[in-house]
Amino acid sequence: MWKLIEAAWIVTGSADGDEVRATPKGAVAIDAEGRILATGYREDVVAAARSPDAPEPAERVVLDRHILMPGLVNAHTHAAMTLLRGHGDDRALQDWLQNYIWPAEAALADPEFVYTGTVLAAAEMLLSGTTTCADMYFFPEVAGRAFVRMGLRAQLAMPVLDFPTRYAADADGYLRANLAARDALTDEPLLSWALGPHAPYTVSDPTYRRVLAFATELDIPIHTHLQETTDEVASSLREHGVTPAARLAKLGVASAGLVAAHGVHLDPTDRTLLGKAGASIIHCPSSNLKLASGFADVAALVHAKVNVALGTDGAASNNRLDLFEEMRLAALLAKAVSRDAASVPATQAFLLATRNGARALRLDDRIGTLEAGKRADLVAVRIDTPAATPMFDPVSHLVYVAGRGDVTHVWVDGRARVTEGRLAEGPRVALAECAGSIATFAGRVRALRQ
Ligand SMILES: [Zn+2]
């Protein structure tokens, strides 16, 4: 049994090389287990997928006014923070964190908050073409169950801090709770795991060392915030005598398994060090703009051979979970920052949002491109609108023209999650069940604001 999705165009990167291929009159064939059987020109795909037992597809979806592409990878977010969307707007990072976000989380961030906020975030991400996210938040077991229920692929960066929250009291407590969470959900095919020490300014050297020991033993990435503001770099130089990136390198944390969010204020030595280590920087342009953190030099990072991917950060600092917006901003900002209009062209921005995200999470053997053998995480984008007319280059349109409102269909692991712009039944019911809880938490946030 196999199904066929036909589209006016198929656009995809490949596992190796930096080309992005656009194939007209294309198709993707998917087997019953949600694996891509073949992709390319429709006739070739049908010929490759048919067998004597199954000469015709069991299901055929025709998207003749659409581009079909790999699902977007949101490589840094805090999903449950959707419930704090719009709380603490227009403030600098430390003011925002210390006076708005941390007090709200201390009052509200229990398992029900995490489940509810994660379901809401997953709905928003699916509807905007994101099929995988890397989520760093408390109660990852609860978040994991929400992602499974919604059918969104997720890597849970399990939080580690040196101060108490509702989730745990100290580093030991976080690690214990995290290992139990991973054990409880280890068989879920949509979930993968990372350890998420929050940031160099909230995590001590001994704790980073312990995180590294566990991450090495479990063979999972370490996901942390890094050099988001000038203050962070200045205080690290004062307290440790080195930049946060150099400190992580000294601790052995800067490696191919490092997923570092932001990297706004990296000097050339930091960039070289991260590039040589094979680390990833998750560029979060909207969040950096909104918190006035600064402008990451993406062109310089790419030049230093750092794997750059994209993230929205949480909905309290964005306030959208919209990878199409991050992709367009990444391309535009890179040009302004480097004063070079050739920096981060459309093909590269497209790779940042798809394949490079998969690489950062070490899921590139499964997702990030449309290639035979990979999981079928697909997104269809309509191109029959006035705003998308005319079209000379589909890759350019995906980056510079398309928005999340143009997403019509989404498949994760071969299963339809969005059809004709609406959530499929499973995620729709899961979201509807949370309606009461969403309203309750909105009321509690409103009370905190008075
Ligand atoms: Zn973040």
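Mentor: Let's start with a rule: two strands count as paired if DSSP finds at least two bridges between them. Keep in mind that this is a predicted model.

Trainee: How do you know that strand 7 and strand 8 pair?

Mentor: Seven bridges join strand 7 (residues 153-160) to strand 8. The rule asks for at least two, so these strands pair. They run parallel. For one place to look, Gln155 has Ser192 in strand 8 as its bridge partner.

Trainee: How does the chain cross from strand 7 to strand 8, and what is the handedness of this crossover?

Mentor: The path goes through helix 5 (residues 171-184), and this β-α-β crossover is right-handed.

Trainee: What makes strand 8 mostly covered?

Mentor: A residue is called buried if 20 or more other C-beta atoms lie within 10 Å of its own. In strand 8 (residues 191-197), seven of its seven residues are buried.

Trainee: Why is strand 10 largely enclosed by the rest of the structure?

Mentor: Because five of the five residues of strand 10 (residues 258-262) are buried.

Trainee: Which strands pair with strand 10?

Mentor: Strand 9 (residues 222-226) is joined to strand 10 by five bridges, and the two run parallel. Here Leu258 is the bridge partner of Ile222. Strand 11 (residues 280-283) pairs with strand 10 over three bridges, in the parallel sense. Ala260 stands opposite Ile281 in strand 11. From strand 10 the chain crosses through helix 9 (residues 268-277) to strand 11, in a right-handed β-α-β crossover.

Trainee: How many residues of domain 1 and domain 2 are in contact?

Mentor: The chain is divided into domain 1 (2-70 + 377-419) and domain 2 (72-360). Contact here requires C-beta atoms within 7 Å. By that test, 21 residues of domain 1 are in contact with 25 residues of domain 2.

Trainee: Which element gives the largest share of the side of domain 1 that touches domain 2?

Mentor: Helix 15 does, with five residues. By class, that side of domain 1 has twelve nonpolar, three polar and six charged residues.

Note on methods. Residues numbered from 1 in each chain as written. Predicted model: local features only at pLDDT ≥ 70, side-chain atom pairs only at ≥ 80, totals over all residues. Buried ≥ 20, exposed ≤ 12 C-beta atoms within 10 Å, placed from the backbone. Helix = DSSP H or I, 4+ residues; strand = E, 2+ residues; numbered from the N terminus. Right-handed = clockwise from strand over helix to strand, strands pointing away. Domains from an automatic or database assignment. Contact = placed C-beta atoms within 7 Å. Nonpolar A, V, L, I, M, F, W, Y, C, P; charged D, E, K, R; others polar.
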